[in-house]
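Please keep the sequence and the structure in view while reading.

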Amino acid sequence: MVGSLLPWSMIGGMTNRLALASSPYLQQHRDNPVDWQEWGEAAFREARDRDVPVLLSVGYAACHWCHVMAHDSFEDEDVAALMNKNFVNVKVDREERPDIDAVYMQATTALTGQGGWPMTCLLTPDGSPFFAGTFFPRAQFQSLLISATRAWDEQRDEVLAAGQRIVTALADLVPTAPDTRSIPGPEQLDAAALRLAPGYDEVNGGFGGAPKFPPSMVLEFLLRRYERTGDVDALRMVEGTCEAMARGGMYDQLAGGFARYSVDAAWVVPHFEKMLYDNALLLRVYLHWWRITGSPLAERVARETADFLIRDLGTVDGGFASALDADTDGVEGLTYAWTPAQLTQVLGPRDAARTAKLLNVTAVGTFEKGASTLQLREDAADPAWWEEVRIRLLEARSERPQPARDDKVVTAWNGLAIAALAEAGMLLDGRYLAAARQAGELMLRTHLVDGRLRRTSLDGVAGEAAGVAEDYGDLADGLLMLHQATAEPRWLEAAGSLLGVALRHFLDRDGSLFDTADDAEQLVQRPKDPSDNAAPSGQSAVANALLTYSALTGSLSHREAAERALQVVSWLGTTQPRFLGWGLAAAEGLVAGPVQIAIVGERPAPAVGAESAGERTAAEAGPLTELAWRQRPPGAVIVSGDPDAERVPLLQFRPLVAGSAAAYVCYGMVCDAPTTSGAALAAALSRRG
């Protein structure tokens with residue numbers, strides 16, 4: 001039914017053409033009086049037939065201001081009448097169609113100097129934007145609709161010419177590498193770290209001022225840098241940022257999980273939406289911080305974040321939902337904020353007073369209307385008392401109205417979650433690995449259709465939108481981590497197939513990657529952005545997976561492809577490192593490796609009946625496996641399993657040593673002698689360069 005020409009009036013009980021959409025965000029608009037329809041050729045054909053522009057509205061389910069504009073304008077009968085009469089109205093979920101979002105967000109940013117959601121663009125019937133903006137109050141939006149209609153009717157030539165000029169300008173905005181490009185080395189990574197340091201907030205942690213987003217990918221780069229070089233400043237920035245985020249209001253002190261960002265510089269007041277990609281990336285960061293330093297705070301936050309992913313974002317079919325909404329019943333923070341009186345009602349006067357002091361709940365409030373977000377700036381002196389209070393508050397909070405959940409399962413973000421949970425399963429708790437395995441099964445069973453990825457699914461049914469580069473890269477990365485955790489060949493082979501598709505259909509002549517495939521729907525521009533924003537870019541994601549696959553298989557062609565893709569680090573990473581964190585983290589692995597660790601005679605997870613038998617952590621697999629996972633060098637790959645295992649390249653031709661379990665370690669394709677000694681393995685893993 002995409003792009004159907006069904007009339008706006010009631011159709012079998014359906015209010016508009018979004019009633020059959022697979023996106024929960026589009027479903028939120030099914031009852032609007034606006035005659036919305038999904039993006040598709042039929043919408044543009046209707047615009048041509050009616051001789052009217054297309055009004056494109058882009059948002060996502062957890063977006064607060066998207067809800068505000070919907071209530072203010074799209075639910076208004078007068079506004080809807082103007083829209084229906086003079087435009088073909090198209091709704092797009094930016095998470096389902098990141099390619100459409102990327103193209104028109106670039107136009108919006110170029111025309112207005114800023115971007116964001118909701119995004120509103122007016123397009124000619126050939127898709128060329130001639131106006132773009134973000135949030136509009138109702139009166140302003142109505143004026144826009146009237147003015148745009150008048151311009152379309154009376155100044156058509158000027159409008160069409162403006163659209164063509166914008167499309168031409170967009171082509172010039174596509175990032176291009178300088179003529180002098182090189183594979184990144186230690187000098188480029190040093191330059192990136194030096195560029196990051198002045199922007200670090202010495203008081204509050206993080207980088208820059210308000211609003212402040214969790215710099216998860218930059219933190220991963222700095223952790224890898226510390227491991228490779230011993231750079232104590234890199235570790236200091238990680239620890240300062242991670243502690244500040246985990247102790248502030250942006251972190252859910254009762255149930256775990258991070259909100260999207262903080263509206264202030266001190267991480268006190270969050271924008272309350274919780275995104276899968278943020279929490280997957282941050283789980284990895286806190287896990288690695290704990291692995292490197294043994295920080296109890298890091299371990300607690302890693303466990304709580306993993307639990308949040310499974311408990312609050314896990315879907316019945318084994319995947320992970322996209323997000324929890326920013327609003328509850330149209331009010332931000334309704335579920336999460338507390339007043340002293342509310343604490344007293346749940347805990348009684350004595351415990352409430354003690355809790356208010358611990359969590360910084362004040363009479364004035366740190367949020368809105370006298371309410372406070374919960375901060376845990378220092379650990380409770382009595383952990384048992386705090387645990388009892390936390391459970392009581394969480395139970396009381398569960399009785400409040402809860403934010404809506406976007407149940408859409410996004411391939412790339414599930415790939416990030418699979419990688420994080422599989423590693424957490426090896427280091428912390430085998431049930432996290434079981435959850436990662438279930439999500440991996442769903443991806444291969446539902447999201448992989450005729451050898452190509454679909455971007456999303458809902459209720460176990462794949463959507464129509466084609467996968468983009470980040471889907472291939474992030475899912476391949478997750479499957480490769482599953483292979484390392486289980487030694488099962490199928491995950492490695494599936495990842496190799498995905499990377500083959502990426503190299504055939506997304507690669508540009510210079511080794512960089514487009515965001516969309518060469519046979520994908522043709523938009524007014526083929527999007528291509530190497531920078532890492534809220535989540536890894538397609539280019540960084542694929543490059544990272546290529547490196548890992550190369551190390552696991554010994555494929556030099558995959559390593560060479562990763563090196564070409566990572567040339568972006570040598571120019572963009574050294575000048576704008578905050579916007580290339582994942583690329584820089586991958587480059588750390590490139591410089592340090594490949595580092596290959598094969599352990600034979602210890603098996604980390606049952607290959608048959610794993611779900612019923614339970615997954616094994618690295619510690620349960622054996623001492624060499626535990627040591628390897630705890631002291632893993634940056635970018636290293638680890639596989640532990642049977643000697644000479646078939647279809648597992650890292651274990652082939654590697655026997656037991658004198659009948660005992662043994663570790664084989666290779667740096668830069670040069671291998672040490674195998675060892676059965678934990679001390680010798682620890683020494684081999686502690687190299688820095």
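## Disulfides

The model is predicted, and it holds two disulfides. When the bonded cysteines are numbered in sequence order, the pairing is 1-2, 3-4.

Cys63 and Cys66 are both buried. The other disulfide links Cys666 with Cys671, with a distance of 2.0 Å from S to S. The disulfide of Cys666 and Cys671 is right-handed because its S-S torsion is about 95°. Cys666 has 1% relative accessibility and therefore counts as buried, whereas Cys671, at 45%, counts as partly exposed.

## Two further cysteines

Cys121 has 0% relative accessibility, so it counts as buried. Cys242 is likewise at 0% relative accessibility and therefore counts as buried.

## An open sheet and a helix across it

Five strands form an open sheet in the order E1-E3-E2-E4-E5, and their pairing is mixed. Strand E1 (36-38) and strand E5 (129-133) stand at the edges; each has a single partner strand, so one side of each is without a neighbour in the sheet. On average, neighbouring strands of this sheet are turned by 30° against each other, direction ignored.

In general, the strands of a sheet pair through backbone hydrogen bonds, either parallel or antiparallel. Strand E2 (residues 54-59) and strand E3 (residues 88-93) run parallel and are joined by six bridges. Within this pair, Leu55 has Asn89 in E3 as its bridge partner. Helix H5 (residues 98-112) lies across E2, E3, strand E4 (119-123) and E5, and runs at about 80° to E5.

## Helix H9

Helix H9 (residues 216-229) has 14 residues, which at 1.5 Å a residue should span 20 Å; the C-alpha atoms at its ends are 20 Å apart, in agreement with this value. Is H9 largely enclosed or exposed? Of its 14 residues, 13 are buried, so H9 is largely enclosed by the rest of the structure. After H9 comes Gly230, which has a positive phi near 80°.

Most residues other than glycine have a negative phi, and most peptide bonds are trans. The following residues depart from these patterns.

Ala210 and Pro211 are joined by a cis peptide bond with omega about -10°. Pro211 belongs to the loop between helix H8 (186-196) and H9. Another cis peptide bond connects Gly593 with Pro594, where omega is about 5°. Pro594 is placed in the loop between helix H23 (581-592) and strand E18 (595-600).

Asp329 is not a glycine, yet its phi is positive, near 50°. Asp329 lies in the loop between strand E10 (327-328) and strand E11 (331-332), and it counts as exposed because its relative accessibility is 62%. Asp644 also has a positive phi, of about 55°, although it is not a glycine. The loop that holds Asp644 is between strand E19 (637-641) and strand E20 (662-667). At 41% relative accessibility, Asp644 counts as partly exposed.

Definitions and conventions:
Residues numbered from 1 in each chain as written. Predicted model: local features only at pLDDT ≥ 70, side-chain atom pairs only at ≥ 80, totals over all residues. Heavy atoms only, no water. Disulfide = S-S within 2.5 Å. Buried < 20%, exposed > 50% of the residue type's maximum accessible area, 1.4 Å probe, protein only. Pairing = 2+ DSSP bridges. Helix = DSSP H or I, 4+ residues; strand = E, 2+ residues; numbered from the N terminus. Axes fitted to C-alpha atoms, helices over the stretch in contact; angles between N-to-C directions. Contact = heavy atoms within 4.5 Å. Expected span 1.5 Å × (residues − 1).
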